[in-house]
Amino acid sequence: MESWFTKSAVIGAAAGFLAGLLGIGGGVLKVPSFVLFLKMDHYRAAATSVSTIVLSVGAALILFNGDGNVDWLSAGIVFIGAATGAWFGAKHMDRVPEHLLAGTFAVVMAIAAIRMWF
Amino acid sequence: MDISMIVGLILLGLIAGTLASTLGVGGGIIFVPMLVAFFGFSQIEAQGTSLAIILPTALLSTVVHARAKRIHWGVATVAGIIGVPLALLGAKVALSLDQETLSKVFSVLLTVVAVRMGYRAWTLRPAASSPSIDRSGDSAGS
């Protein structure tokens, strides 16, 4: 068995489980893992990650929806904003210093983590 | 649904979409805590709704990346297919856990992301602002 095959399988399995468990895409695990273990550059890793997300998120969504835990109207509205934001970000991503974005993101995540724990 | 909620949800999407496309992180990791904190969702509803936002977003991105030939299809196929049964298992576990435990598990994930992003912000900070000796060589792999 080729080693990239095994590595892809292990990364896909771990990220898939996280996706179902936490309602996320799993890119947070896949992107750095693809870079580190499969020697992809960041763009290729992000692109490959997002394509695998379609399958695992689609599967998890079926179970969540079956239990009535999806607010489709809200999801649709957020999606409109997200699609616009992604387009905007892709066009202007070099205008904002990345360390400022990452720093702000870190602070917001830390506050959210504390709130969710208590 | 009132107008302030609609505006709030669009704003949430805008922020998450911008961050996701610039930092490569930040769909579900932003949607879930924000839906709980500001829009009155339960943890499990927030996770389900987050998945429903991610699916069409990921689909669109996949089309764009595929056209640009950036996807490694071998890895994507293996990781994607293996991910399906594990995602189903993860969802089963999430739906069976009590909400408080699930929030704590999510909180651990957020902490990991906060530390990683903080580290990234630190390593990317403008070097000129620091008068210390250049140690970029020996700190690179640590």
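Predicted model: local features only at pLDDT ≥ 70, side-chain atom pairs only at ≥ 80, totals over all residues.
**Where the chains meet**

- Counting residues, 74 from chain A are in contact with 90 from chain B.
- Polar contacts do show up, with 9 residue pairs across the interface of chain A and chain B, both partners at pLDDT 80 or more.
- Five elements of chain A each give two or more residues to the side that touches chain B: helix H1 (3–22), helix H2 (27–37), helix H3 (42–66), helix H4 (72–92) and helix H5 (98–117).
- H3(A) gives the most to that side, with 19 residues.
- By residue type, the side of chain A that touches chain B splits into 49 nonpolar, 20 polar and 5 charged.

**Chain A overall**

- Chain A has 5 helices and 0 strands, so its pattern along the sequence reads α-α-α-α-α.
- The C-alpha trace of chain A spans about 45 × 40 × 35 Å along its principal axes.
- Of the 118 residues in chain A, 49% are buried.
- If you take the contacts in chain A with a separation of 6 or more, residues 24 or more positions apart account for 33% of them.
- The accessible surface of chain A is about 5,700 Å², and 71% of it belongs to carbon and sulfur atoms.

**Chain B overall**

- Chain B is built from 6 helices and 0 strands, and reading along its sequence gives α-α-α-α-α-α.
- Buried residues come to 39% of the 142 in chain B.
- Among contacts in chain B between residues at least 6 apart in sequence, 48% join residues at least 24 apart.
- Chain B has an accessible surface of about 7,200 Å², with carbon and sulfur atoms holding 68% of it.

- Most residues other than glycine have a negative phi.
- Lys39(A), which is not a glycine, has a positive phi of about 55 degrees.
- You'll find Lys39(A) in the loop between H2 and H3 of chain A.
- Lys39(A) counts as exposed because its relative accessibility is 68%, and the cut-off for exposed is over 50%.
- Over in chain B, Lys69(B) has a positive phi too, near 55 degrees.
- Lys69(B) sits in the loop between helix H3 (43–67) and helix H4 (73–96) of chain B.
- With 69% relative accessibility, Lys69(B) also counts as exposed.

**A spot in helix H1 of chain A**

- Thr6(A) is part of helix H1 of chain A.
- Thr6(A) comes out at 40% relative accessibility, so it counts as partly exposed, a label for values between the under 20% of buried and the over 50% of exposed.
- From Thr6(A) to Gly58(A) is 52 residues in sequence and 23 Å in space, C-alpha to C-alpha.

Terms used:
Residues numbered from 1 in each chain as written. Chains lettered and ligands numbered in written order. Heavy atoms only, no water. Contact = heavy atoms within 4.5 Å. Polar contact = N/O pair within 3.5 Å; in protein donor to acceptor, adjacent residues only side chain to side chain. Helix = DSSP H or I, 4+ residues; strand = E, 2+ residues; numbered from the N terminus. Nonpolar A, V, L, I, M, F, W, Y, C, P; charged D, E, K, R; others polar. Buried < 20%, exposed > 50% of the residue type's maximum accessible area, 1.4 Å probe, protein only. Areas by Shrake-Rupley, 256 points an atom, 1.4 Å probe, with all protein chains shown as cover.
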